[in-house]
Amino acid sequence: MSLKAIAKDLGLSVTTVSRALNGYDDVSADTKARVQAAADLRGYRPNTLARRLKMGKIDAVGLIFPFTSHPLSNSAFIEMVGCITRELAKYEIDLLLVPDELGTFSWRRLIESKRVDAMLVAHTLDNDPRLLDLQQRNFPFLALGRSQCLTQDYAWFDFDNRAGMQMAVDHLAALGHSRIAFLGENNQQSFIGQRHQGYLDGLRANGLPLNPDYAHKVSPSRRAGYQATQALLALPQPPTAIVCDCNMHGEGAALALNEAGLLLSGGVSLIIFDGLPSDSVPDVAVTAVRQGTREAVGLQIAEMTRALIRNEPLKNLQVLWQPELQAGVTAHPPH
């Protein structure tokens, strides 16, 4: 079954059918649905090679992420990548993982050999040389996180990380906590700085003092979170609540609190960004800052990626999602 046959059956032009199947915005949702249903009914499969040659597209996108073990051990990141891959695959677009050691510009080889249509850039920095390089090359990219280094418009998708962390502190302060500790990651990625700022803003907004002993920047690992929490509990005046900006050291904190008999008893409240990993050892409905389901995030990023490849205006590709606080059993008034 060809495009011409589908167009004839539906009384549409071949151009409209082609644009509908390729997701162009100038085709109505109703027409897209009719065309897709007809294509599915007839078992239509596009000639991928012919389409690539005609449109000048590769049907592949690169995902650049830091060359460390941390992103690949973070369940939230891996689940997000899986959902993006699945959504893009529906349109026969491949996602290529491009681990990058900062400063090596390893993605240049893919661009110069014309093996990708666009780049996704994960774990952005406030001053990010990857984004600067891509913008100077005028190569399409979608930043997964905002950066302060670009003066021209660019496509980005982000969460309001500052607001999410302040929401957690506000909630604990409303419960009566005044000794609130913070466990944050120890690197320069944009979202980490935003979450730390949210912690500071939350303390300030609620008239709470900043105790340097309560603020720890640690590796995003279970072990680091466990050890940092043990150190907090050993203080002469330990905190009555802990907020974590990462679910990996959040699980370590939960393990330490559970071991001390403080997690479910309400002895120390705990709120974790993204909640606990799905395979977490503590099987607890932790109070969490949530930023949408992995499926919703994957769908959003995939849709923005396809729009980027279609050369839609960059000002239309700037999306900020608001987080929400998910109730759990680990946030209580202080004893």
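Which residues is His-177 in contact with, leaving aside its neighbours within four places in sequence? They are Leu-172, Leu-208, Thr-240, Ala-241, Ser-269, His-332, Pro-333 and Pro-334, where contact means heavy atoms within 4.5 Å.

This is a predicted model, in which local features need pLDDT of at least 70, side-chain atom pairs count only at pLDDT 80 or more, and totals for chains, interfaces and linings use all residues. Residues are numbered from 1 along each chain as its sequence is written, and side-chain values use heavy atoms, with hydrogens and water left out.

His-177 sits in the loop between helix 9 (161–175) and strand 6 (180–185); helices (H or I, at least four residues) and strands (E, at least two) are DSSP runs, numbered from the N terminus. His-177 is buried, at a relative accessible area of 2% (buried is under 20%, with a 1.4 Å probe and protein chains only). Its side chain reaches the backbone oxygen of His-332 at 2.5 Å.

An open, parallel sheet has six strands in the order 2-1-3-4-5-11; strands pair if DSSP finds at least two bridges between them. Strand 2 and strand 11 each have a single partner strand, so one side of each lacks a neighbour in the sheet. Strand 1 and strand 3 are joined by four bridges, and Leu-63 stands opposite Leu-120 in strand 3.

Helix 13 (residues 294–309) lies across these strands, among others strand 11:

| Strand | Residues |
|---|---|
| Strand 4 | 141–144 |
| Strand 5 | 155–159 |

Conventions. Buried means under 20% relative accessible area, exposed over 50%, partly exposed in between (1.4 Å probe, protein chains only). A polar contact is a pair of N or O atoms within 3.5 Å; within protein, one must be able to donate a hydrogen and the other to accept it, and residues adjacent in sequence count only if both atoms are side-chain atoms. Axes are lines fitted to C-alpha atoms, for helices over the stretch in contact, and angles run from 0 to 180 degrees between N-to-C directions.
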